[in-house]
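Please read the points below beside the sequence and the model.

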Amino acid sequence: MNELLLQTMMLLSITIMAALLAMLPVLQSQAVPLGVRVPTNYSDHAVVLKAIRGYRLVLLASWLIALALSILFWDNPLAVAFASIIVAASSVFGYVWSRRQIIAAKKAEGWFQGATFSISGHISSEGLPAETAEGIAALPTPRTPWISIISSLGVVAAAVITVAARWSEIPATVATHWGPKLQPDTWEPKSIMSVFFTTFVLVALVILLSGLTVLITRAHVHSRSDRSTKGQIKLKVQLAAANTGMGLLVLILSTTMAFSQVVSVLPAYHHLVPLAFTLMILGSLGSIIALLSITLSYQSKADEVLRNVRFGDEDKENPDNDKYVKFGMFYYNPDDPAVLVEKRYGTGVDFNYATWQGKTFLTVIITVLAFAIAAPFIL
């Protein structure tokens, strides 16, 4: 039963992951389809639309292959897990392959030749009708989701208190890892670290995600895809959606992982471990779907407010800065003092990796990943 549950959850994860990856182009500014900077009036060019269709067809094909592989090797949970890697790898291939079509057409046809460039220094509603100005002011702005953060910490504390109060019930040896069939396959002597390992990971995750929401709220995030007034307004709305979604993600992960913390160490609840695993997967997928829904809802509100509004830079273009975006994702511009910029492909914020802050962040990430990969072999 546990094996069937795991395989079903993995298949569901693969399907949702493929669908979400296919939706990514919808979340991007029309100025950067598939991460390529194009003039505003070229956002619906035949080449652009064809490239997006090609990207989605690659994803569809990879999903079908992953689905077939999962069904053929249904008895092997690892094969089902490998199928998700196929979808993820295919999305990268589809992204790289499809965006090259846009880059080639832009260069061959000279899409930016003769364009007049303008960069908006700030957002102002001066001169706009009162109703329009009020509509813009009412659009969502980035806020730190304190209610979700405090609730998450409360849930974690409740799990810690529950386990600590029943410390005597915990056996001398505790399971620290579960295999593909949701059966424990690694044990450690009972200690604060082995019992509360999940809690330590969870607290670190809450701090990381909460810190990111605070950073988005308080730091100035520079627009480098669409610097027009409308582009800057839409960026704030997108960041507001990202913060709301991350707050929900923190709360859901805290709840499911706290539940896992309790049932994994107290013998009376060991039979609920499969349920805890299922809830973690469903919760993670659900929070991502919620983030997508929130983002689309906020974007729709912004589009409705800005539909008939014209700013002074409407007839101007933004510079073609593709040369500063590595692989269509990572912004690297030594001449730009901006530290934080919007993600070129995806939602949220990213660093200008030419700054010392960006380089430090990248070094830390690479170090952590290297340690995570090497840890099983050196510890």
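**Notes on the helices and their packing**

1. The model is predicted: local features need pLDDT of at least 70, side-chain atom pairs count only at pLDDT 80 or more, and totals for chains, interfaces and linings use all residues. Numbering runs from 1 along each chain as its sequence is written, and side-chain values use heavy atoms, with hydrogens and water left out.

2. The protein chain has ten helices and six strands, taken as DSSP runs (helices H or I, at least four residues; strands E, at least two) numbered from the N terminus. Of its 379 residues, 45% count as buried. Among contacts (heavy atoms within 4.5 Å) with a separation of 6 or more, 73% join residues 24 or more positions apart.

3. Helices α7 (residues 197-218) and α8 (residues 229-265) pack at about 170°, with axes 10 Å apart; axes are lines fitted to C-alpha atoms over the stretch in contact, and angles run from 0 to 180 degrees between N-to-C directions. The pair is therefore roughly antiparallel, a term for angles over 145 degrees. Residues in this contact include Phe197, Leu205 and Ile216 of α7, and Leu239, Met246 and Met257 of α8. By class, 15 are nonpolar, seven polar and none charged. Here Ala, Val, Leu, Ile, Met, Phe, Trp, Tyr, Cys and Pro count as nonpolar, Asp, Glu, Lys and Arg as charged, and the others, Gly among them, as polar.

4. Helix α8 also packs against α9 (residues 273-306), at about 165° and with axes 9 Å apart. These two helices are therefore roughly antiparallel as well. Their contact has 23 nonpolar, eleven polar and three charged residues.

5. Helix α7 has a further partner in α5 (residues 146-165): the axes come within 11 Å and cross at roughly 170°, so α5 and α7 are roughly antiparallel. Trp146, Ile149, Leu153, Val156 and Val160 of α5 meet α7 residues including Thr199, Leu202 and Val206.

Definitions and conventions:
Angles under 35 degrees count as roughly parallel, over 145 as roughly antiparallel, 65 to 115 as roughly perpendicular and the rest as oblique. Buried means under 20% relative accessible area, exposed over 50%, partly exposed in between (1.4 Å probe, protein chains only).
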